[in-house]
Amino acid sequence: MGHSAAVWDYRAATEITKDWNGVDKIVLRSPRGASARVSLHGGQVTSWRNEQGEELLFTSSKAIFKPPKAVRGGIPICFPQFGNCGSLEQHGFARNKIWTIDENPPPLGPNDSHAKSFIDLLLKPSEEDLKCWPHSFEFRLRVSLAADGSLALISRIRNVNGKPFSFSFAYHTYLSVSDISEVRIEGLETLDYLDNLCQKERFTEQGDAITFESEVDRVYLSTPNVVAVLDHERKRTYVIRKDGLPDVVVWNPWEKKSKSMVDFGDDEYKQMLCVDGAVIEKPVTLKPGEEWTGRVELSVVASTLCSEQFDVQRGMGF
Ligand code: BG6
């Protein structure tokens with residue numbers, strides 16, 4: 001039985017337990033039965049379910065749930081870099097670290113807390129992190145689940161260093177799809193992108209919507225704040241709203257690359273698509289004491305609505 005949102009105790013709807021590695025995980029619940037799970041390992045969202053209990057995020061059947069590697073699926077957080085350059089590990093260290101629960105986060109706006117169950121997490125650099133990236137920061141992550149089942153992630157990164165530093169960032173979001181050949185993305189048409197399969201060469205997207213028939217690994221630039229991923233077979237559309245995240249990564253490894261990844265099944269590329277709100281092309285620079293905020297909100301609508309009916313003018317919904 002569902003509960004009315006008016007009497008739902010959002011605090012009590014946040015449950016903290018341990019996973020089988022002894023790492024805390026947090027389950028958030030909505031009054032009508034949607035849920036999300038967040039692990040302190042990486043501050044990673046590892047599950048997001050709708051009111052029918054259907055999983056909306058992909059996790060590989062071969063995922064390795066053991067620190068210090070990120071789990072293959074859910075929403076790994078890429079910070080302080082997206083990609084692989086310099087001495088930092090691929091996609092940065094944040095996704096491989098054990099975060100803490102932030103008992104006393106600085107306040108967010110009323111819309112960020114009202115009618116939502118949420119958890120606040122915190123990452124500060126360890127001595128070891130400072131050796132490979134010598135910048136002191138506080139990374140606060142709020143994960144929240146709204147009464148309508150939509151999932152929001154708000155990252156606040158503060159420079160507590162004596163000098164400026166720069167970083168790139170992505171919410172590496174593994175969406176679960178029925179069949180990649182039946183999926184299309186709307187909102188990125190005609191935009192420029194950097195192609196990771198062609199040494200980051202810049203191209204301009206042609207055509208109406210993005211569809212998939214081979215490996216894709218791109219960073220779309222200066223994207224709109226709303227992007228939709230339509231899954232025809234499941235009649236489900238993911239709507240991604242974002243703020244502070246100008247770029248969108250689109251990644252599907254397809255057949256050959258899937259076979260080369262130890263924590264990914266050979267055919268699993270058919271059931272996933274990464275569409276990440278990100279800031280990559282122009283990294284963020286923070287002066288001492290400055291803070292950056294990057295938000296993403298994921299929701300699902302039935303695809304019986306045609307794409308024109310997306311209310312792209314709607315606010316961020318945070
Ligand atoms: C993508 C990168 O976004 O992430 C790919 O552009 C990479 O090149 C993929 O393979 C997954 O990265 P990882 O480190 O989680 O295996």
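This is a predicted model: local features need pLDDT of at least 70, side-chain atom pairs count only at pLDDT 80 or more; totals for chains, interfaces and linings use all residues.
A pocket here is an open set of points on a 1 Å grid over the protein atoms alone, where a 1.4 Å probe fits, with protein on both sides within 12 Å along at least five of seven lines. Local features need pLDDT of at least 70 and side-chain atom pairs count only at pLDDT 80 or more, while totals for chains, interfaces and linings use all residues. Residues are numbered from 1 along each chain, and side-chain values use heavy atoms, with hydrogens and water left out.

- The largest pocket is lined by 33 residues, and Phe82, Gly83, Asn84, Gln90 and His91 are the closest to its centre (lining means an atom within 4 Å of a point).
- β15 (216–220), β18 (247–252) and β19 (272–286) are the elements giving two or more residues to that lining (strands are DSSP E runs of at least two residues, numbered from the N terminus).
- Sorted by class, the lining holds 13 nonpolar, 10 polar and 10 charged residues, with Gly counted as polar.

**Around the ligand**
- The ligand's neighbours are Arg72, Phe82, Gln90, His91, Arg95, His172, Asn196, Asp217, Val249, Trp251 and Lys257 (a heavy atom within 4 Å).
- That shell splits into three nonpolar, four polar and four charged residues.
- Polar side-chain atoms lie 3.0 Å from a ligand oxygen for Gln90, 3.1 Å for His91 and 2.8 Å for Lys257.
- On its own the ligand exposes 390 Å², and the protein buries 85% of that (Shrake-Rupley areas, 1.4 Å probe).

- Most residues other than glycine have a negative phi, and most peptide bonds are trans.
- Phe79 and Pro80 are joined by a cis peptide bond, with omega about 5°.
- Pro80 falls in the loop between β5 (77–78) and β6 (100–101).
- His91, which is also found in the loop between β5 and β6, has a positive phi near 65°.

Conventions:
Helices (H or I, at least four residues) and strands (E, at least two) are DSSP runs, numbered from the N terminus. A polar contact is a pair of N or O atoms within 3.5 Å; within protein, one must be able to donate a hydrogen and the other to accept it, and residues adjacent in sequence count only if both atoms are side-chain atoms.
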